[in-house]
Amino acid sequence: MDLPSRSDQTPPPLDSPTAGPTSSSRSPATTTQPLSRYESQKRRDWNTFLQYLKNHKPPLALARCSGAHVIEFLKYLDQFGKTKVHVAGCPYFGHPNPPAPCTCPLRQAWGSLDALIGRLRAAYEENGGQAESNPFGARAVRIYLREVKDSQAKARGIPYEKKKRKRPGGGGGTSNAAVTAVLDDGVGGGGGGDGGGGGGTSGIITSSSDIAPVTSTL
């Protein structure tokens with residue numbers, strides 16, 4: 001789908017004739033620190049969500065966005081997922097390492113969605129939203145994420161355990177299940193799905209041009 005051209009074009013550089021004062025009257029330029037990986041990802045996620053609202057049919061205003069709309073957005077993202085989630089009738093249901101491929105769908109990993117919601121929740125408030133009305137922190141969203149976590153753990157046979165800290169000087173290892181869960185949380189690029197690639201948050205949507213119009217089912 002061809003998206004409409006962006007109205008927020010990049011401002012002209014300071015040495016442009018349209019940029020205002022001449023070089024002789026300008027103060028010395030300050031060096032801009034590059035954004036961290038987290039901040040860059042948060043900005044991309046926020047822009048992606050705003051583009052989703054814009055392409056929604058009918059278009060959604062951010063002020064009217066609720067937890068139900070956030071859940072709708074998360075479900076929409078499943079089409080970009082790379083984590084194999086076995087259905088109940090699949091012979092590999094509950095097997096963490098299936099011996100052969102199957103036709104079960106690819107979904108966004110629970111950890112990827114959880115990390116995404118954390119970034120969007122912070123971005124919402126950084127862009128003027130009130131904490132008490134933050135749709136990304138709605139109870140319905142937390143319940144949905146918990147249901148996704150439980151269903152994926154059951155379907156894939158992978159218990160999601162908290163990462164255990166290693167004691168100083170200790171050589172204690174971490175279980176394979178815990179390692180898989182940590183890798184699958186998307187923070188460091190996503191873990192590999194059964195028969196699929198990683199489900200990292202950076203791969204949820206590669207660009208805003210991936211977003212097609214969505215008709216509300218609410």
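**Entry 1: the overall layout**

I started by reminding myself that this is a predicted model. I then looked up the secondary structure and found five helices and four strands in the protein chain. Following the sequence, I wrote the order down as α-β-α-β-β-α-α-α-β. The chain has 218 residues, and 35% of them count as buried.

**Entry 2: helix 1**

Next I turned to helix 1, which covers residues 37–55 and has 19 residues. From first C-alpha to last it reaches 27 Å, close to the 27 Å expected at 1.5 Å a residue. Which residues of helix 1 are buried? My list reads S40, Q41, K42, D45, W46, T48, F49, Q51, Y52, L53 and N55.

**Entry 3: aromatic pairs**

I counted ten aromatic pairs. F49 and F136 form one that is edge-to-face, at 5.0 Å centre to centre with 70° between the planes. This pair links distant parts of the chain: F49 sits in helix 1, while F136 is in the loop between helix 3 (110–126) and helix 4 (139–156), 87 residues away. Both F49 and F136 are buried.

Why do I call Y76 and F80 an edge-to-face pair? Their ring centres are 5.8 Å apart and their planes stand at 70°, and an angle over 60 degrees counts as edge-to-face. Buried means under 20% relative accessible area, so Y76 at 10% relative accessibility counts as buried, and so does F80 at 19%.

Stepping back, I saw that ring pairs link W46, F49, Y52, F73, Y76, F80, Y124 and F136 into a cluster.

**Entry 4: the nonpolar core**

I then looked up the largest nonpolar core, which has 27 residues. F49, F73, L74 and F136 have the most contacts inside this core. Helix 1, helix 2 (67–77), helix 3 and helix 4 are the elements that give two or more residues to it. Helix 3 gives the most, with seven residues. In soluble globular proteins, nonpolar side chains tend to be buried together.

**Entry 5: a last look at F136**

What is F136 in contact with, leaving aside its neighbours within four places in sequence? I noted W46, F49, V70, I117, L120, R121, Y124 and V141. Of these partners, W46, F49 and Y124 also belong to the ring cluster with F136.

Terms used. Residues are numbered from 1 along each chain as its sequence is written. This is a predicted model: local features need pLDDT of at least 70, side-chain atom pairs count only at pLDDT 80 or more; totals for chains, interfaces and linings use all residues. Side-chain values use heavy atoms; hydrogens and water are left out. The expected span of a helix is 1.5 Å times one less than its number of residues. Buried means under 20% relative accessible area, exposed over 50%, partly exposed in between (1.4 Å probe, protein chains only). Rings of Phe, Tyr and Trp (its six-membered ring) pair if their centres lie within 6.5 Å; planes under 30 degrees apart count as stacked, over 60 as edge-to-face and the rest as tilted. A nonpolar core is a set of buried Ala, Val, Leu, Ile, Met, Phe, Trp, Tyr and Cys residues joined through side-chain atoms within 4.5 Å. Contact means heavy atoms within 4.5 Å.
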